[in-house]
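The structure comes first, and the notes follow.

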Amino acid sequence: MSSRLEFVEYVADQLKEAGDISYRKMFGEYGLYCDGKFFATICDDQFFVKITKPGLEMAPDLAQAPPYDGAKPSFLIQDIDDREFLTRFVKETCNALPKPKPKKKKEPKLKENQTEK
């Protein structure tokens with residue numbers, strides 16, 4: 001079962017005060033980004049956030065589960081209506097995550113009969 005876009009949009013709207021929130025469809029589900037950092041997934045209309053030390057300190061009793069088979073456990077956020085908590089939690093989580101690596105420019109591929117100049 002894949003997630004509904006309406007659910008993804010609702011979660012993104014709840015997090016709008018945390019930073020620049022965006023999402024991308026990935027394998028039928030969604031990845032969420034805050035200021036360019038990948039920090040969460042939405043799978044089967046459930047919201048999963050990467051586990052970080054500040055997240056554990058802020059919410060030590062928060063449920064943990066893998067978002068899909070074979071994945072590392074993440075925080076399973078079930079109360080997505082508490083905007084104030086979500087904003088603080090996501091800010092703390094994203095501050096603990098490393099900045100995304102700059103993407104390398106791809107070299108143009110040469111055709112078989114073409115040589116470098």
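Which residue in E3 is the bridge partner of Gly31? The bridge partner of Gly31 in E3 is Thr41.

## Basis of the model

The model is predicted; local features need pLDDT of at least 70, side-chain atom pairs count only at pLDDT 80 or more, and totals for chains, interfaces and linings use all residues. Residues are numbered from 1 along each chain as its sequence is written, and side-chain values use heavy atoms, with hydrogens and water left out.

Strands (E) are DSSP runs of at least two residues, numbered from the N terminus. Two strands pair if DSSP finds at least two bridges between them.

## Strand E2 and its partners

E2 pairs with strand E1 (residues 21-26) in the antiparallel sense over 6 bridges. Within this pairing, Cys34 of E2 is the bridge partner of Ile21. E2 also pairs with E3, again antiparallel, over 5 bridges.

Because 6 of the 6 residues of E2 are buried, the strand is largely enclosed by the rest of the structure. Buried means under 20% relative accessible area, exposed over 50%, and partly exposed in between (1.4 Å probe, protein chains only). Glu29, Gly31 and Tyr33 point one way from E2, while Tyr30, Leu32 and Cys34 point the other way.

## Positive phi in the turns

The hairpin of E1 and E2 has 2 residues between the strands, and Phe27 there takes a positive phi near 55°. In the hairpin of E2 and E3, also with 2 residues between the strands, Asp35 has a positive phi near 50°. Asp35 counts as exposed because its relative accessibility is 53%.

Asp44 lies in the loop between E3 and strand E4 (46-49). Its phi is near 50°, a positive value in a residue other than glycine. At 36% relative accessibility, Asp44 counts as partly exposed.

Conventions. Helices (H or I, at least four residues) and strands (E, at least two) are DSSP runs, numbered from the N terminus.
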